[in-house]
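Q: Can you take me through this structure? I would like to start with how its parts meet and then go on to the ligands.

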Amino acid sequence: MTDEREQGTIRVGVLGAGGRMGAEVCKAVDGAADMKLVATVDQGDALSELTDAGAQVVVDFTTPDVVMDNLRWCVDHGVHAVVGTTGFTEQRLDQVRGWLAGKPGLGVVIAPNFGIGAVLMMQFATRAARYFESVEIIEQHHPRKLDAPSGTATHTARLIAAARAEAGLGPVPDATADEVPGARGADLDGVRVHAVRATGLVAHQEVLFGTTGETLTIRHDSYDRVSFMPGVLLAVRAVRSRPGLTLALDPLLD
Ligand SMILES: NC(=O)c1ccc[n+]([C@@H]2O[C@H](COP(=O)([O-])OP(=O)(O)OC[C@H]3O[C@@H](n4cnc5c(N)ncnc54)[C@H](O)[C@@H]3O)[C@@H](O)[C@H]2O)c1
Ligand SMILES: O=C(O)C1=N[C@H](C(=O)O)CCC1
C-alpha cells in the first residue's frame, strides 16, 4: 500500500488475538479497507509488539483478570484502546478515568456489548423500566465464559436501577422467605440477574418486566460472534477523536 493511502489507514493491534473474539476481530480488521492489522498479541507475547508495529488503536478481548494491566500499558504508551473485555466495576472505571486525566487526547472505549442489537435491547429496557413494578434479567451464554453474570447483564441492571430510581419506584415485590441459596439469582442494584450456561449458546439476554395483568419481554440473541464486529469497527474508527473514556457503544451510534 502506498504511503499516501497508508496515511488514511488505521493501524490496529489486537490483544487476545488467539481467543474467540480476538480471532473474529482480526478477521474483521483484515477485511476493513481503512484498517491494517499490524500486531496480534496473546498470552505470553510482549505488549511491546504493539508499539514496535506502530499500532494506533489496540482492541482488547482478553480476560477480566488481565485487562486492567493491558489497558494501563496502552494508556502509558499513548495507544488508543477499544476494550470489549468485561469485569469493569465502577471502581475500575474510575481508575481508568484517573489514568486518562494525565493523557489529554487519548481515547478509550469500553463497551460490555458491541452488538448493535444488544445496545438497542438495553436502550429499550431502560425506556420501559419506569412502567413496571417487577423486572428480572436472564442472560444465557456458552459454558466457556469465565464471568457471571455477564457484563451486558450487569450494565443492563445498572441502567434499569437508575431509571427506576429516577421514576421513584421502590423495591420490586418479592415475598421470598425461604430460599435455597442462589435460587433467586444475583441481586444487582435491586435487579435480580440469572445466568444460564449451556453448550450450543453464544450470547443471549432477556429482560422480563411485569406489572398488573401483563409482562413485557425484551430479548436479544447473538448466534455468531460476527454480530459484534460492526460495533467494534465503529469504535476503532471513532476512538482517536474521542479523548477520555467512552463507556458503552451508545454515544457512537447516530
Ligand atoms: N464487549 C463485547 O461485545 C463482548 C463480546 C464477547 C465477549 N466479550 C468479553 O471478551 C472477553 C473475551 O471473551 P472470549 O470469548 O474471546 O474469551 P477467550 O478466552 O476465547 O479469549 C481470551 C484470549 O485472551 C488471551 N489472553 C489471556 N491473557 C492475556 C494477556 N495477558 N495478554 C493477551 N492475551 C491474553 C487468551 O489466551 C485468549 O486467547 C470476555 O471478558 C468476554 O466477556 C465481550
Ligand atoms: O461471550 C461472552 O463472554 C460475552 N461477553 C459479554 C458479556 O459478558 O456481556 C458480551 C456478550 C458475550
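**Domains and ligands**

A: About 1,000 Å² is buried between domain 1 and domain 2, and carbon and sulfur atoms give 56% of that area. Buried area here is the accessible area (1.4 Å probe) that two parts lose on being put together, summed over both. R20, T86 and D250 supply 41% of what domain 1 buries against domain 2, more than any other three residues.

Q: Where does the model come from, and how is the numbering done?

A: This is a predicted model, where local features need pLDDT of at least 70 and side-chain atom pairs count only at pLDDT 80 or more, while totals for chains, interfaces and linings use all residues. Residues are numbered from 1 along each chain as its sequence is written, chains are lettered from A and ligands numbered from 1 in the order in which they are written, and side-chain values use heavy atoms, with hydrogens and water left out.

Q: Which residues belong to which domain?

A: Domain 1 covers 2-110 + 226-252, and domain 2 covers 116-223. These bounds come from an automatic or database domain assignment. Taken over C-alpha atoms, the two domain centres are 28 Å apart.

Q: How many residues of each domain are in contact?

A: 13 residues of domain 1 are in contact with 13 residues of domain 2, where contact means heavy atoms within 4.5 Å.

Q: How many salt bridges are there between the domains?

A: The count between domain 1 and domain 2 is one. A salt bridge is a side-chain nitrogen of Lys or Arg within 4 Å of a carboxyl oxygen of Asp or Glu. The side chains of E90 and R158 meet in a salt bridge, at 3.7 Å from N to O.

Q: New topic: what surrounds ligand 2?

A: The residues around ligand 2 are T86, P112, N113, H141, H142, K145, S150, G151, T152 and A203, each with a heavy atom within 4 Å of the ligand. Polar side-chain atoms of K145 and T152 each lie 2.6 Å from an oxygen atom of ligand 2. For H142, the distance from a polar side-chain atom to a ligand 2 oxygen is 3.0 Å.

Q: How much of ligand 2 does the protein bury?

A: Alone, ligand 2 exposes 310 Å², and the protein buries 85% of that. Such areas come from the Shrake-Rupley method with a 1.4 Å probe; for residues, only the protein chains shown count as cover.

Q: And which residues are closest to ligand 1?

A: R20, M21, D42, T86 and F114 are the closest of the 21 residues that surround ligand 1. An N or O atom in the K145 side chain is 3.0 Å from an oxygen atom of ligand 1. The protein buries 83% of the 860 Å² that ligand 1 exposes when taken alone.

How values were computed. Polar contact = N/O pair within 3.5 Å; in protein donor to acceptor, adjacent residues only side chain to side chain.
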